[in-house]
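Q: I would like to learn how to read helix packing and sheet order. Can we start from the model itself?

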Amino acid sequence: MSINGKAYIVGAYEHPTRKAEHQSVAQLHAEVAYGALQDAGLSKDDIDGYFCAGDAPGLGMLNMADYMGLNNLSHVDSTDTGGSSYQIHVAHAAEAIAMGKCNVALITLAGRPRSEAMATGTAPRSWGVNVPDDPFEIPMGRTVATAYAMSAMRHMYEYGTTSEQLAWIKVAASHHAQHNEHAMLRKVVTVEDVVNSPLVADPLHRLDCCVISDGGGALIVTRPEIAKSLKRPLVKVRGTGEAVKHQAGGTIDVTYSGARASGARAFAMAGCTPADIKYASIYDSFTITVLIQLEDLGFCEKGQGGKFVSDGNLISGVGKLPFNTDGGGLCNNHPANRGGMTKVIEAVRQARGEAHPAVQVKNADLVLAHGTGGLLSIRHGSGTVILERE
Amino acid sequence: MTTMAFERALPAPAIDPTNKAFWEAAAEHRFLIGLCKDTGEHFFYPRGCSPFTLSNNVELVPAKGTGVIYTFTVARTKEPHAVAYVELDEGPRIMTNIVDCDLDALRIGLPVKLVWKPSQDGAPPIYMFTPA
């Protein structure tokens, strides 16, 4: 059974804060949930499906259902693939709705790594206890930055990708962020600015990295009959795909991502091709993340990502594939160190025609949001969502 | 430019019932890798099942401790160090550090050999590599 057309995104809300000094993580979850319900024109007791990931405190759905007073839950899902969890939540919500397990699904994300002064990208982190790979990787200095940099280094070696080409991705994001009043970094930067910024982990510079921000976002997914009874533009879930990629016992090739599989699945379900996509939200923890995912999703041939992103090709109104028109994680927001939620939200804005007028893509009737969660060159989860404005 | 690898204080590895034999060998400076006896392929990191067949028909076997850099990065922290995947002569690409060298001279394809670096609090040493 395909879920193409079985569910719609009717609510989308991004928290305006980028530094939440006075709100707890639970409160942020509640605030984004309320914002998404307001956007949809629904109320709390309409929610009968709830989706959250590891950013939700405690046992996630249990603690947050209690905190928010969700009384009618008939379906819950705490799938956690890091920053791509929310693409997969959209897919799982659509599946649950198609199966009749719930009618109105809420997805929330929130966190405050900035206020907690977390060394998000440059300190080794474990995601729990009894993790079998940790003893072999934590002593080596496995960090987010080193994990993504190793993919960049090998991609440059195999395909001749350059730092200047990667820099174009940041340049494009900054062109979009200048129009976003909430974006952390609104200054337009040049290729020279990026390549002259200090190296964090060779070959990635400071400006190749995303921001560290507090905040969150939420989505409401529902069945077609309910969507059509509401006053919001109709944004249909047309295709979804998910995938996991890992070291495979030591046979890993770090130059490609799970997007190769998740994208193919999503396009097959949606019955369209990359050439049909008018706007793409592409996970941008680092510039290299974007380049590799664009190749793997099929927007260009493998190894040609450097040429594809150059010369403003990702800038709305300039290039062929406008991306991350909110400024993305590179300039706008990367709440809870998990950028998948904001990728879906900006894709919904574009599909609705509600992006900032300076970056709104004309007739953005078919859009894509893709996430990579975890560590690109080590193990990660990929989620692709294709949405259609009816 | 020359940036010598910093001698970092290495966190002790978390030892569990399954990886204990690997770290006991490490304490004796013996570097072991996984062997899947179903397929004859080596794997890393060591574990209690084969990542190729899922059976427990696996054993730890000695590795030569030589290979080439498959990819790497230099973490430009106050303690500059190179994180890398080294492709062992036996096949597996393993995460490690490249130490005792000029970090600015590293390149993909460089031959490297095993060295042991002490971890903290008397825990087993960590397998790392240096230009051969």
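Q: In which hand does helix 9 of chain A pass helix 10 of chain A?
A: Helix 9 of chain A passes helix 10 of chain A in a right-handed crossing. A crossing is right-handed if the near helix is turned clockwise from the far one by less than a right angle, and left-handed if anticlockwise. Helices (H or I, at least four residues) and strands (E, at least two) are DSSP runs, numbered from the N terminus. This is a predicted model: local features need pLDDT of at least 70, side-chain atom pairs count only at pLDDT 80 or more, and totals for chains, interfaces and linings use all residues. Residues are numbered from 1 along each chain as its sequence is written, while chains are lettered from A and ligands numbered from 1 in the order in which they are written.

Q: At what angle do helix 9 and helix 10 of chain A pack?
A: Two packed helices are described by the angle between their axes and the distance between the axes. Here helix 9 (residues 259-270) and helix 10 (residues 287-297) of chain A pack at about 45°, axes 8 Å apart. Axes are lines fitted to C-alpha atoms, for helices over the stretch in contact; angles run from 0 to 180 degrees between N-to-C directions. The two helices are therefore oblique (under 35 degrees is roughly parallel, over 145 roughly antiparallel, 65 to 115 roughly perpendicular, the rest oblique).

Q: In what order do the 9 strands of the open sheet in chain A lie?
A: Strands of a sheet pair through backbone hydrogen bonds, either parallel or antiparallel. In chain A the order is 3-2-4-7-1-8-11-10-9, with mixed pairing (two strands pair if DSSP finds at least two bridges between them). Strand 3 (75-77) and strand 9 (279-282) of chain A are the edges.
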